[in-house]
Amino acid sequence: MSAQVRLRLLPRARCMFDEPVQVKVDGLRSGHVVTMRARSTDEKGVVFSSSASYKADESGEIDLERDPSLSGSYFGVEPMGLLWSMRADTLHKRFIKNNLINPHVVKFSVQDEEEGKGRMLAEVTNERLLLGEGVNRRPVKEGNIRGVLFTPPGEGPFPAVLDLYTFGGGLSEKRASLLASHGFVVLTVALYGHDDMVKNIKEVHLDYFEEAIEFLKKQDKVGSKVGVISISKSADIALTMASYLPDVEVTVWINGCSANTWLPLYYKKSLILPPLMIDISKVILTESGAINIKYAMHNTLAEENKATLVPIEQAKGRFLFMASEDDLNWDSKAYMEQMVERLQRHGKDNFESVCYPGAGHYLEPPYGPYCPSSFHGVAGKPVLWGGEPRSHAEAEVHMWKKILEFLRTHLSCDDTPTKAKL
């Protein structure tokens, strides 16, 4: 029987990381209940997997866009459920994918649970690419800048984006490379812990990011406009860039703070923002060994902390604020509301804000495994990120589409950028 069963990924088994696939099975008996599985191993050797039971229709077919999961890692109709519901075989692990040359490989399979106890009926490999065809990846080591520049194929000019991804040290390229596949020139930079940079830092200098913007603007294919995309701690750095540097046209802020956090911020050798710090007594240790730090930051609105707030009313460009209601890293939704109120108080309407119920801290390009907890670079131990898997996955799909639309609208060049084709 297994020779007749077909498992297909449509429109093709090789796609971009942020593209959905339709999962279909045919050749089964009418009403046959099978288990669908997905499995992937990350670069650290951590295995991520999911499973769900499905019942074949009268024609012996299963279509994940139509049919509900009856049990397993998720329930109901979830076309991409097998991907986002994959969980690590070890606690507190995030899916690590830094090598962009090789695709994110996921093995899908159909197993017979009625007879033969898990006998494999069919399997197929999904190759999810992070580097679009024709996108150029170039490591950058120029002046103080350490990072990677991604350039789409074609003559341009293309809108440019500075990607501030991680504050845990090192470099993250996934989001930057995917943005480039959608027609943006993207520079992702490290702040410390990469190449010949210092292992740790005690202060942040806005001059470094100003240099990064200047580097981007002088690239051949870049149009006149530059935007910044950020998440978590890097989001408050993005706010300060928008507020103090003239060349930032748009700022995407994802689950950040309204104040400068953790480290003092300098510009042209002068302290411009002292840091908002954490109150250790408000850190909650959970049974899993991970900590909940949602309410651990000192109050941004207390009189003694007002000097840490970023003066975003100074910004000339536009903001897109995106906050997860169930963020357990900190209270992103409250910070977003504070910023909206501050801008409105100053008569500003240069912003859009989006709130995601049921989503956690780590909002990433869609269809990766949901991460409930992992090691926190600043806290030095595992932290709960929050969110419920299905809501979080839905938020990532909506967020990614919204970001691409926002960047295209407000960074548009004279020529419309072409999307890199697979």
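His 361 turns up in the loop that runs between strand E23 (351-356) and strand E24 (373-375); strands here are DSSP runs of E, at least two residues long, and helices are runs of H or I of at least four, both numbered from the N terminus. The model is a predicted one, with local features needing pLDDT of at least 70 and side-chain atom pairs counting only at pLDDT 80 or more, while totals for chains, interfaces and linings use all residues. Residue numbers start from 1 along each chain as its sequence is written, and side-chain values rest on heavy atoms, with hydrogens and water left out.

His 361 counts as buried because its relative accessibility is 1% (buried is under 20% relative accessible area, exposed over 50%, partly exposed in between; 1.4 Å probe, protein chains only). Setting aside neighbours within four places in sequence, His 361 is in contact (heavy atoms within 4.5 Å) with residues including Ser 232, Asp 327, Trp 385 and Gly 386.

An unreviewed UniProt entry lists Ser 232, Asp 327 and His 361 under "active site". These three are spread over 130 residues of sequence, yet they cluster in space, with a largest C-alpha distance of 10.3 Å. UniProt positions follow the numbering used here, feature names are shortened, and annotations may be inferred rather than shown by experiment.

Ser 232 sits in the loop between strand E16 (222-231) and helix H4 (233-244). At 19% relative accessibility, Ser 232 counts as buried.

Elsewhere, helix H2 (residues 174-181) is mostly covered, with eight of its eight residues buried. Just after H2, Gly 183 adopts a positive phi of about 100°.
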